[in-house]
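Here are my notes for your first read of this model. Please keep the 3D view open as you go through the points.

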Amino acid sequence: EAVRVGDSPTVAIVEELSRGGSVLDVGAGTGRLAIPLAARGHRVTTVERDPEMARVLSVEANRAGVVITQIVGAWPIVAGNAGVHDVGLSTHVVYDVPGIGGFVAAMQDASRRGVVVEMTPRHPWSPLYRYFRALHGLERPARPTVDDFARVVEEVAGVTPVQQRWSSTSGLRFTDMQELLTFYRRRLLVPPVRSLEAAALLEPDVHRTDDGWLVLGPVEREVVTVWWRKR
């Protein structure tokens, strides 16, 4: 779902850095930030490796009446096709990148003025670790964190990035309890025979948002916008 411009500190930082210039959105998904930025007159190029998400982004961009240049493929493999832009942007992608140093270096090379990365302080699945412990007796790693990412930026870009923390609605929302429990049972690798056990563990932590969605854990989550200017 596209955000309203002004709702996201990330959008404000991108606009400040770009000064109306071009934006490269790496891991753009279905256009949550790309479409609002294009609507404000930015020349936006998106990179998205999932063809279905890229297709939805195209549909939503047409619906919004904006023009976006799309590249379908994995970053940084397709970096050579993306060109150089005023600002590089990536939201909620970096924890799923196996070679984060190369990812950051390619974004640095593709940006003239600066890079903006939106992420959670810890891996978005870290709140599930206590359920893994209860259900499987397994301990999950506590890292990486946003501070680990900042250290990678310092090493690759030679600059200490700014971290701006803020609150956002929970990333995963569900229409009913069955949908929520089915999703998390699979995520927690719980076989159907243990469904009731998993449900009893999760249900006390389920909350309803003001607009009627169900979420596991707090209705709001902490988000960090990490950004730096090019030297």
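How do α6 and α9 stand to each other: parallel, perpendicular or oblique? Point 2 takes this up, after a word on the model.

1. **Ground rules.** This is a predicted model, in which local features need pLDDT of at least 70, side-chain atom pairs count only at pLDDT 80 or more, and totals for chains, interfaces and linings use all residues. Residues are numbered from 1 along each chain as its sequence is written, and side-chain values use heavy atoms, with hydrogens and water left out. Helices (H or I, at least four residues) and strands (E, at least two) are DSSP runs, numbered from the N terminus.

2. **α6 and α9.** Helix α6 covers residues 129-136, and helix α9 covers residues 195-202. They pack at an angle of about 140 degrees, with axes 11 Å apart. The two helices are therefore oblique to each other. (Under 35 degrees counts as roughly parallel, over 145 as roughly antiparallel, 65 to 115 as roughly perpendicular, and the rest as oblique.) Axes are lines fitted to C-alpha atoms, for helices over the stretch in contact, and angles run from 0 to 180 degrees between N-to-C directions.

3. **Their contact.** Tyr131, Ala134 and Leu135 of α6 meet Glu197, Ala198, Leu201 and Leu202 of α9. Contact means heavy atoms within 4.5 Å. By class, this contact has 6 nonpolar, no polar and 1 charged residues. (Ala, Val, Leu, Ile, Met, Phe, Trp, Tyr, Cys and Pro are nonpolar; Asp, Glu, Lys and Arg are charged; the others, Gly among them, are polar.)

4. **α5 and α7.** Look next at helix α5 (residues 100-109) and helix α7 (residues 146-157). Their axes come within 10 Å and cross at roughly 55 degrees. That makes α5 oblique to α7. The residues that meet include Val104 and Ala105 in α5, and Phe149 and Val152 in α7. By class, the contact has 8 nonpolar, 2 polar and no charged residues.

5. **The sheet.** In what order do the 7 strands of the open sheet come? The order is β3-β2-β1-β4-β5-β9-β6, with mixed pairing. β3 (69-72) and β6 (162-169) stand at the edges with a single partner strand each, so one side of each has no neighbour in the sheet. Neighbouring strands are turned by 20 degrees against each other on average, direction ignored. Two strands pair if DSSP finds at least two bridges between them.

6. **Around β4.** Strand β1 (residues 22-26) runs parallel to β4, joined by 4 bridges. Leucine 24 stands opposite glycine 88. β4 also pairs with strand β5 (residues 111-119), again in the parallel sense, over 6 bridges. There, leucine 89 has valine 116 as its bridge partner. In strand β4 (residues 85-91), 7 of the 7 residues are buried, so the strand is largely enclosed by the rest of the structure. (Buried means under 20% relative accessible area, exposed over 50%, partly exposed in between, with a 1.4 Å probe and protein chains only.)

7. Is threonine 45 buried or exposed? Threonine 45 is buried, with a relative accessible area of 7%. It is found in strand β2 (residues 43-48). Threonine 160 counts as exposed, at 56% relative accessibility. Its place is the loop between α7 and β6.
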